[in-house]
Number of protein chains: 2
Amino acid sequence: MTSESDGTAIADEEEYDRIVAANARYAKGFALAGLTAPPRRRLAVLACMDARLNVEEALGLAPGDAHIIRNAGALATDDAIRSLVVSQQTLGTRQVLVVAHTGCGLLGLDEPAVRRNLADRTRHDAALALGAFADLETHVHAQVERIREHAWTRDTLVRGLVYEVETGRLREPA
Amino acid sequence: MTSESDGTAIADEEEYDRIVAANARYAKGFALAGLTAPPRRRLAVLACMDARLNVEEALGLAPGDAHIIRNAGALATDDAIRSLVVSQQTLGTRQVLVVAHTGCGLLGLDEPAVRRNLADRTRHDAALALGAFADLETHVHAQVERIREHAWTRDTLVRGLVYEVETGRLREPA
């Protein structure tokens, strides 16, 4: 829990209340009770968490169509692989799309500086790589390769795309 | 790449082409070029990858509002913590909502059986826990606690919610 007393805690409470109210309106018009768990399009998307990217809208996906996995940078981490394995083995997906994007916060991030700052402030040096990368196109190819090469996900079609936050367009990495 | 010759590879190609076409339409009406990277509502959501859950719509979030992190089960894994750290330290979020849901594929999953089956078929026994859990309410509380207790995310307001795939409703875990 936050212990700030400068008004930010109140703002956070208000944001939570706003979400609860928005969800009450959403639930009133809810018509998706008939959906089942296995994704209709047998697709899993691994995308960045970026706030500007609406995966469903940018890819034309409806509720029930696809698993959507998201993390900072659309990294094919062990956890993303875990999610893909669950997706494929228990719910039948068989295609993966990796979607990174222009203007990513991890692109060119000075990771040592961020970690040093955190370690100083928290007095704790966590063994947690943040996943910064230097080149977007290389990065997308590397994530695709990692999924293609993992023993438990390698029988899948895997493709990578770059989402342009400036245009809304998806394009193949160079 | 898949090497199947029974038509599933063709179906996967068609699905990819459909996404490319849907995105071309999306990009034509694109009006979000003015958004900046830091989430407007200073919020990060950690939700399950489930295809039935549209996080933005269920929580009333617009593009630019929040980081959305998703994996199988809404688990507060090291990778989810990594994403939250990036979210908070480089892009200024300060509130976390964990959203798990009813009917999750990991709830009551016979994980040893799935892993044994995979190991047999791939002839590779990957050291990859899938994250199965036995009780939804306990699960949500445990993820919230993990984020609250991590040295690098502990100065945040963290809450957990259950999304009901049957009703569209968010509720606090019991």
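Reader: Hi! Let's start with the second largest pocket. What's its lining like by class?
Author: This is a predicted model. In it, the lining of the second largest pocket counts three nonpolar, six polar and four charged residues.

Reader: OK, and which residues lie nearest its centre?
Author: Of the 13 residues that line the second largest pocket, those nearest its centre are Arg121(A), Gln88(B), Gln89(B), Trp152(B) and Asp155(B).

Reader: Which elements give two or more residues to that lining?
Author: Those are α4 (111-122) of chain A and α3 (78-91) of chain B. The largest share comes from α4(A), with three residues.

Reader: What volume does that pocket have?
Author: For the second largest pocket, the volume is about 230 Å³.

Reader: Switching over, how much space lies in the largest pocket?
Author: There, the figure is about 260 Å³.

Reader: And what lines the largest pocket?
Author: Its lining has 15 residues, and nearest the centre are Gln88(A), Gln89(A), Asp155(A), Thr156(A) and Arg121(B).

Reader: Which elements supply at least two residues there?
Author: In the largest pocket, α3 (78-91) of chain A and α4 (111-122) of chain B each do that.

Reader: Where does the largest share come from?
Author: From α4(B), which supplies three residues of the lining of the largest pocket.

Reader: Last one: how many nonpolar, polar and charged residues are in that lining?
Author: The lining of the largest pocket holds three nonpolar residues, seven polar ones and five charged ones.

How values were computed: Residues are numbered from 1 along each chain as its sequence is written. Chains are lettered from A and ligands numbered from 1 in the order in which they are written. This is a predicted model: local features need pLDDT of at least 70, side-chain atom pairs count only at pLDDT 80 or more; totals for chains, interfaces and linings use all residues. Side-chain values use heavy atoms; hydrogens and water are left out. On a 1 Å grid over the protein atoms alone, a cavity is a set of points where a 1.4 Å probe fits but cannot get out, and a pocket is an open set with protein on both sides within 12 Å along at least five of seven lines; lining residues have an atom within 4 Å of a point. Grid points are joined across faces, edges and corners, and a volume is the space filled by probe spheres set on the points. Helices (H or I, at least four residues) and strands (E, at least two) are DSSP runs, numbered from the N terminus. Ala, Val, Leu, Ile, Met, Phe, Trp, Tyr, Cys and Pro count as nonpolar, Asp, Glu, Lys and Arg as charged, and the others, Gly among them, as polar.
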